[in-house]
Amino acid sequence: MRWMSFLAGASLLSGLVCGCEPEPEIVEASAEEHGKALFSDPTLTETQANAFSCATCHPTSKPSADGPILPGAPLAGVTRRASYWGGMEVELLRSMNHCLYYFMLSSKSWTAEDERGRALFAYLDALPAGPADEEAWPFTVPVQITAPPSGDATAGGSVYARACESCHGAVKTGEGRLVARAPILPDQTLAEHPLGTYTAEQRRLVFVQKTRHGGFLGYGGQMPPFSMEVLSDEQMGDLLAYLGIP
Ligand code: HEC
Ligand code: HEC
């Protein structure tokens, strides 16, 4: 539907400009614009239950030191990388399809002909990028979970705001959360892991494990994993101090 109306818009525009058939260049430039819009569109998978867009998890350019902490790689230069997902994947289309499947609840993979995939490719391919952006992006997920060093609650508040709040909303209330499925932190998670059944140490590790593995490695769900490169162990320790489970 959206693709159709986009095509209609493109030919209408070229009709206004020169009264002729669309030139290949015009279609190409518009595919890029269409891709840009799709990048932050949570409805692109046509899965009602999904509230995430690509932009929920991926910055386009390298993040600043105090900006949002997003779990996905910056995507400028991505079309020229040799491998993806920390070396586990070598195909760009499949790399996107993993996100559609694991995070955006879409059961249908995109083929190389899919208009949405092509438009996103055009957009990502045109993003300004230097040689460093074209290097494979590191993505280290520790399989074995260990307790992080004890941290600083004030620093943890800023980590929470930059990394978790967009989906989970405010601590203790969940105000502003993106999806109702995301529990109110830390209370709902602590309630589901009561003392007695779990030791204090195990309860801490639940937070670390979910943050490091997301929905992978046996945990399930659609939360993305935060790699060691995205979130340091020190920041993890600060986060636990802020959540009151130091
Ligand atoms: C809920 C979070 C989330 C959403 C939504 C998401 N991704 Fe991802 N994506 C990730 C994570 C985590 C990885 C693995 C780490 C990495 O390599 O970026 C990843 C990996 C990728 C990669 C491989 C990047 C690389 O260099 O390794 C591409 C390409 C990609 N995603 C594209 C997309 C596109 C396009 C969309 C939207 C259609 C999307 N993703 C939606 C979290 C997400
Ligand atoms: C892109 C959205 C998103 C982001 C960002 C996110 N989460 Fe989640 N989180 C979820 C969702 C959705 C769930 C519900 C379970 C699932 O679907 O994986 C969840 C569940 C959890 C749980 C519950 C685990 C359990 O078993 O009770 C914890 C703990 C958690 N997240 C911690 C964090 C922390 C800490 C951060 C920040 C570092 C964070 N999350 C960032 C979406 C997100």
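Predicted model: local features only at pLDDT ≥ 70, side-chain atom pairs only at ≥ 80, totals over all residues.
His-168 sits in helix α7.

Leaving aside residues up to four places away in sequence, its contacts are Tyr-160, Gly-174, Arg-177, Ala-182, Pro-183, Leu-185 and Met-223.

Met-223 brings us to the metal. Which residues coordinate the iron atom of ligand 2? They are His-168, through NE2, and Met-223, through SD, at 2.0 to 2.1 Å. The site of this iron atom has six donor atoms, with angles of 87 to 179 degrees among them, and is octahedral. For six octahedral donors the ideal angles are 90 or 180 degrees. Helix α7 covers residues 165-168, whereas Met-223 belongs to the loop between α9, residues 200-213, and α10; the pair therefore ties together parts that lie 55 residues apart in sequence. Met-223, like His-168, is buried.

Let me turn to the other iron site. The iron atom of ligand 1 is coordinated by NE2 of His-58 and SG of Cys-99, at 2.0 to 2.2 Å. Around this iron atom the six donor atoms subtend angles of 86 to 178 degrees, so the arrangement is octahedral. Here too the pair links distant parts of the chain, 41 residues apart: His-58 is in the loop between α3, residues 54-57, and α4, residues 92-102, while Cys-99 is in helix α4 itself. Are these two residues buried or exposed? His-58 has a relative accessibility of 16% and so counts as buried. Cys-99 is buried as well, its relative accessible area being 16%.

I close with a helix pair. Two packed helices are described by the angle between their axes and the distance between the axes. Helix α6, residues 153-163, packs against helix α10, residues 233-242, at an angle of about 100 degrees, and the axes are 7 Å apart. The two helices are therefore roughly perpendicular to each other, a description that applies to angles of 65 to 115 degrees. What does each helix bring to the contact? From α6 come Ala-153, Ala-155, Gly-156, Gly-157, Val-159, Tyr-160 and Arg-162, and they meet Gln-235, Asp-238, Leu-239, Ala-241 and Tyr-242 of α10. Sorted by class, this contact comprises seven nonpolar, three polar and two charged residues.

How values were computed: Residues numbered from 1 in each chain as written. Chains lettered and ligands numbered in written order. Heavy atoms only, no water. Axes fitted to C-alpha atoms, helices over the stretch in contact; angles between N-to-C directions. Helix = DSSP H or I, 4+ residues; strand = E, 2+ residues; numbered from the N terminus. Parallel < 35°, antiparallel > 145°, perpendicular 65-115°, else oblique. Contact = heavy atoms within 4.5 Å. Nonpolar A, V, L, I, M, F, W, Y, C, P; charged D, E, K, R; others polar. Donors = N, O, S within 2.8 Å, 3.2 Å for Na, K, Ca; no water. Tetrahedral: all angles 85-135°; square planar, octahedral: opposite > 155°, others 65-115°. Buried < 20%, exposed > 50% of the residue type's maximum accessible area, 1.4 Å probe, protein only.
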